[in-house]
Amino acid sequence: MTLRYIAIDWGSTNLRAWLFDNNACLDKRQSAAGITKLKGISPLAVLTEITTGWRDSNTPVIMAGMIGSNAGWKIAPYLPCPVAFTAIGQQLMPVTEQVWIVPGLSIEREDNINVMRGEETQLLGACHFAPSSLYVMPGTHCKWVTADRSNILDFRTVMTGELHHVLLQHSLVGAGLPEQQTNTDIFNAGLLRGIENPALLPQLFEVRAAHVLKALPAEFISEFLSGLLIGHEVATMTKQVARDTKASTHPMTIVGNPALAARYQAAFNHLQLSTQQVEGDTAFLAGIRSIAHALAN
């Protein structure tokens, strides 16, 4: 059976669309019309424009991300964890004819209140390519997800990427800096500091002081700060999730952009922890594919 479908990753600032025929990608498009940038244009009008020439009345469209939030097209309710991987594709939110939004996931306990949108679709794909009991999903808000073969059990969110941006753009840490450059050695120095010293808050001002006293080249502040934050996150979270993760024969799985995943990989290497990687878009599209096939059946 030929299965033609459209996959949509619709976030706050961008929209990406792919046209598939079975497992073959026929076309892909991108738009800056994220849900915070619609400027009065309806989501239906945006969807119609970006899928022009792709659709007929029988072509399903499966969307994931912030389009299902309270600022999006229609709220796709969160599924509370623990939840079966298969339940994600079975509880889609219909928005118009042959168009659905993937639900998000939530945790609501005294010790953990959390939500995710978009990453659940990546998890669907990642568990096929690289099954694990722990998935680490770097990004603006990094997700640490515990699972077994059939279920998503729990997850935590760490705002490492956003904190890096805020400190550089809106605090004294980034004041007066020149254009930033990459430097692996400087990043690794920050990484080591973050891993070995659990007291993060005092070290943040030391980054500022190192710039002022010229102990750290001004053009590499971003790199050192990135290493410091990622190192602290990985050292802290691996200890926390170890208490909740059962022993597994699989290494932990990093899901995300290869360049950012490599930075987390460096931290795990330092801690001598075994990992495997799945590229974020590959995982997302595999997750949408599994949902599309479930809809067809």
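Because the model is predicted, local features need pLDDT of at least 70 and side-chain atom pairs count only at pLDDT 80 or more, while totals for chains, interfaces and linings use all residues. Residues are numbered from 1 along each chain as its sequence is written, and side-chain values use heavy atoms, with hydrogens and water left out.

Let us start inside. A nonpolar core here is a set of buried Ala, Val, Leu, Ile, Met, Phe, Trp, Tyr and Cys residues joined through side-chain atoms within 4.5 Å; buried means under 20% relative accessible area, exposed over 50%, and partly exposed in between, with a 1.4 Å probe and protein chains only. The largest nonpolar core has 38 residues, and the members that touch the most others are Val-102, Leu-105, Leu-123, Tyr-135, Val-145 and Ile-152. Helix 9 (residues 280-296) gives this core its largest share, 6 residues. Helices (H or I, at least four residues) and strands (E, at least two) are DSSP runs, numbered from the N terminus. Apart from this core lies another, of 21 residues, with Ala-17, Leu-38, Ile-67 and Ala-76 among them.

Not counting residues up to four places away in sequence, Leu-123 touches Phe-85, Met-116, Tyr-135, Met-137, Val-145 and Ile-152, where contact means heavy atoms within 4.5 Å.

Next, look at a pair of helices. Helix 4 (residues 160-170) and helix 7 (residues 221-242) pack at an angle of about 150°, with their axes 10 Å apart. Axes are lines fitted to C-alpha atoms, for helices over the stretch in contact, and angles run from 0 to 180 degrees between N-to-C directions. From helix 4 the contact takes in Thr-160, Leu-163, His-164, Leu-167 and Leu-168, and from helix 7 Ile-221, Ser-222, Leu-225, Ser-226, Leu-229, Ile-230 and Glu-233.

Beyond its neighbours within four places in sequence, Asn-114 is in contact with residues including Leu-105, Lys-143 and Phe-155.

Finally, the backbone. Most residues other than glycine have a negative phi, and most peptide bonds are trans. Cys-81 and Pro-82, however, are joined by a cis peptide bond, with omega about 5°; Pro-82 lies in the loop between strand 5 (79-80) and strand 6 (83-84). Lys-39, in the loop between strand 3 (24-31) and helix 1 (43-50), has a positive phi near 55°, and counts as exposed because its relative accessibility is 81%. Gln-272 has a positive phi near 60° and lies in the loop between helix 8 (258-270) and strand 15 (275-279). At 74% relative accessibility, Gln-272 also counts as exposed.
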